[in-house]
Amino acid sequence: MKLFDSHCHLDDRIYDKDFKDVLSRAKNAGVSGIMIVGVDKKSSERAVTLAESKPGLYASVGFHPHDAKECSKEALQFLIKLAKSPKVKAWGEIGLGKIRKDGLSASLRPQTNSIFRLFSMKGRVTEVFWRF
Ligand SMILES: [Zn+2]
């Protein structure tokens, strides 16, 4: 059986020291592919760079719903440019987070809806963040 890790954050700098070891352990456990999920411009760019560096690594680009306020038109264009890489197979993080006590997520729904509409037009899988 082949396994595919559809959602991980290997772009996090915490993996700088043992990135190759993590990939080795995943391979030894039977993981044949890994999707590195971007959560903002910086991490999406890093996810694509990492995906392009090794076979079996793929990337998705997007904004975590709690950071949707940073998702400007310019930022969306940046993600669309990143998505031209053949290693980008999905949009995400994207979605609606749990409504926090401060009400932040609820106020970000209009931006998230705009992202959904835009990304759905670009012919990629959308990996939806959904927390209840
Ligand atoms: Zn995630």
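Mentor: Before we start, helices here are DSSP runs of H or I with at least four residues, strands are E runs of at least two, and both are numbered from the N terminus. This is a predicted model, so local features need pLDDT of at least 70, side-chain atom pairs count only at pLDDT 80 or more, and totals for chains, interfaces and linings use all residues. Residues are numbered from 1 along each chain as its sequence is written.

Trainee: Okay, which pattern does the protein chain follow along the sequence?

Mentor: Count the pieces to begin with: the chain has 5 helices and 5 strands. Reading along the sequence, they come in the order β-α-β-α-β-α-β-α-α-β.

Trainee: Where is K2, and is it buried or exposed?

Mentor: K2 sits in the segment before β1 (3–8). A residue is buried with 20 or more other C-beta atoms (placed from the backbone) within 10 Å of its own, exposed with 12 or fewer, and partly exposed in between. K2 has 7 such atoms within 10 Å, so K2 is exposed.

Trainee: Leaving aside neighbours within four places in sequence, which residues is K2 in contact with?

Mentor: Contact means that the C-beta atoms, placed from the backbone, lie within 7 Å. G30 is 28 residues from K2 along the chain, yet their C-alpha atoms are separated by 6.1 Å. G30 also follows α1 and has a positive phi, near 100°. With those neighbours set aside, K2 is in contact with G30 and S32.

Trainee: How is the crossover from β1 through α1 to β2 handed?

Mentor: Strands pair if DSSP finds at least two bridges between them; β1 and β2 (residues 31–37) run parallel, joined by 4 bridges, and F4 stands opposite G33 in β2. A crossover is right-handed if, with the strands pointing away from the viewer, the path from the first strand over the helix to the second runs clockwise. The β-α-β path from β1 through α1 to β2 is right-handed.

Trainee: How many of the 10 residues in α1 are buried?

Mentor: Across the 132 residues of the chain, 32% count as buried. Helix α1 (residues 19–28) is hardly covered, and its buried count is 0.

Trainee: What about α2 and α3: are they roughly parallel or roughly antiparallel?

Mentor: The axes, lines fitted to C-alpha atoms over the stretch in contact, have angles from 0 to 180 degrees between N-to-C directions. Those of α2 (residues 41–53) and α3 (residues 73–82) come within 10 Å and cross at roughly 5°. Angles under 35 degrees count as roughly parallel, over 145 as roughly antiparallel, 65 to 115 as roughly perpendicular and the rest as oblique. That makes α2 and α3 roughly parallel.

Key:
Two residues are in contact if their C-beta atoms, placed from the backbone, lie within 7 Å.
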